[in-house]
Structure formats: C-alpha cells, structure tokens
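Come along and check each entry with me.

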Amino acid sequence: CLTRSIRRVGSERFDGDDRRWPLHAAAGRRREAEGFLAMIVAVISGGRSPERDVSLISGAAVADGVQRAGHEVRAIEIDAEGCWFHEGTELELRAGHGLLDAEVAFPVLHGPFGEDGTIQGLLEMLDIAYVGSGVRASAVCIDKLALKQLLAHLGIAQVEFVALTRA
C-alpha cells in the first residue's frame, strides 16, 4: 500500500531512520477525482547503475499503475551520466524546493545510486516525501556484509556466512 511506505522530512521519527508520513496528512496540491484525493507522483527511473534498462522498464510499469489508480504521474528519467529529465527537459534540482510540484516521489532505481541511500538522501534534501526505505536502512542493506554483521551483533538468527575479500 502506498500509504504505509511514504516518508517525509521533518515528520515524527520512529525507529531511528523511519520517517513515516501518512497519506491522509500529505500537504500540497491535491485534487478531488472520482471521490478520492488524487496526488501528483514523481516516478523516477533510469539512473547511473548498470541496471538502468531494467529500471526504465520497471518505472514505466509503476507509472502506468499509479496513473491507472487515478493519480497524476510526472515521469523523471535519470540518464547514464546522472542528469535528470522530465519530458525531454533537464531539471534543475534545488534543496528545499521539491520536485515538479509532486507530493510524493516513487523511486524505481536499481543498484548503486538508487538502492544505496543516495537517492533517498537527495529526496530528503529536496523536501519531498518518498516511497521506500530511508537513507540509513538503504545504505546498510545494500552492503550485504554490513547487514549480516549488524544482524549478528543484534543477535538476530540468520544462516551462517563467510566474508570473502580479494587477496
């Protein structure tokens, strides 16, 4: 459910990194459409990762689903060099100024610069709510060894593992 995974900077903190922001409390410009409040959703895909092509396909599917659910989509494509585009125009990102008047961002990025906390940090700097894990959770979880060591430190049961390094 989109409602349960939206985050917003400055909202009440839970669980350290968890910045939940309920959908019904969303600030911004909402329009009433077919008996519910529609939102403007920035769907972000592409990126600098080698998984860019997969992200573009995933992003198109997410944008289609969000639009079919009655929300307005602002599709954003990040090119292989890291430049952000909307409808062919390069975007100028400024801290605290949001993203194309969207009320929430839905990053559909894979690998480095997408699942590692960097995009989440940037969205927080832009002051826009976003779907998914926060900066810290993303950064820890992309580093599988760091995650396994953290779980072991916390006494959470897991399968045994061995860390391999290059000699």
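**Entry 1: the cores.** I looked for nonpolar cores, meaning sets of buried Ala, Val, Leu, Ile, Met, Phe, Trp, Tyr and Cys residues joined through side-chain atoms within 4.5 Å. For burial I used relative accessible area with a 1.4 Å probe and protein chains only: buried is under 20%, exposed is over 50%, and partly exposed is in between. The largest nonpolar core has 16 residues. Ile44, Ile76, Trp84, Leu99, Leu123 and Ile128 have the most contacts inside this core. Strand S4 (40-46), S5 and helix H2 (118-126) are the elements that give it two or more residues. Another core, of 10 residues, lies apart from that one, and Val41, Ala63, Val66 and Val104 are among its members.

**Entry 2: where the model comes from.** I noted that this is a predicted model, in which local features need pLDDT of at least 70 and side-chain atom pairs count only at pLDDT 80 or more, while totals for chains, interfaces and linings use all residues. Residues are numbered from 1 along each chain as its sequence is written, and side-chain values use heavy atoms, with hydrogens and water left out.

**Entry 3: the overall layout.** How many helices and strands does the protein have? I found four helices and nine strands. Both come from DSSP runs numbered from the N terminus: helices are H or I with at least four residues, and strands are E with at least two. Along the sequence, the order reads β-β-β-β-α-β-β-β-β-α-β-α-α. Of the 167 residues in the protein, 34% are buried. I also looked at contacts (heavy atoms within 4.5 Å). Taking contacts between residues at least 6 apart in sequence, 59% join residues at least 24 apart.

**Entry 4: the surface.** The accessible surface of the protein is about 10000 Å², and carbon and sulfur atoms account for 55% of it. These areas come from the Shrake-Rupley method with a 1.4 Å probe, and for residues only the protein chains shown count as cover. Next I searched for patches, which are made of residues with over 30% relative accessible area and no salt bridge; like charges are joined within 9 Å, and nonpolar side chains (Val, Leu, Ile, Met, Phe, Trp, Tyr) within 5 Å. Leu150, Leu154 and Ile156 make up a nonpolar patch on the surface, together showing about 270 Å² of accessible area. Leucine 150 sits in helix H4 (residues 144-153). Its relative accessible area is 37%, so it counts as partly exposed.

**Entry 5: salt bridges.** I counted a salt bridge when a side-chain nitrogen of Lys or Arg is within 4 Å of a carboxyl oxygen of Asp or Glu. The search of the whole structure gave three.

- Glutamate 77 pairs with arginine 52, and their closest N and O atoms are 2.6 Å apart. This pair links distant parts of the chain, 25 residues apart: glutamate 77 is in strand S5 (residues 72-78) and arginine 52 is in helix H1 (residues 52-68). Glutamate 77 is partly exposed at 36%, whereas arginine 52 is buried at 15%.
- Aspartate 64 pairs with arginine 68, with the closest N and O atoms 2.9 Å apart. Both lie in helix H1, four residues apart, which is about one turn of the helix. Aspartate 64 is partly exposed at 37%, and arginine 68 is exposed at 66%.
- Glutamate 72 meets arginine 74 at 2.7 Å, N to O. Is arginine 74 buried or exposed? Arginine 74 is buried at 18%, while glutamate 72 is partly exposed at 30%.

Entry 6: Most residues other than glycine have a negative phi, so I went looking for exceptions. Glutamate 87 has a positive phi, near 50°. I found glutamate 87 in the loop between strand S6 (84-86) and strand S7 (89-90), and this residue is exposed at 73%. Aspartate 101 is not a glycine either, yet its phi is positive at about 60°. Aspartate 101 is in the loop between S7 and strand S8 (104-107) and is partly exposed at 48%.

**Entry 7: disulfides.** A disulfide here is a pair of cysteine sulfur atoms within 2.5 Å. How many disulfides did I get by this rule? The count is zero. I still looked at two cysteines: cysteine 83 is partly exposed at 26%, and cysteine 141 is partly exposed at 36%.
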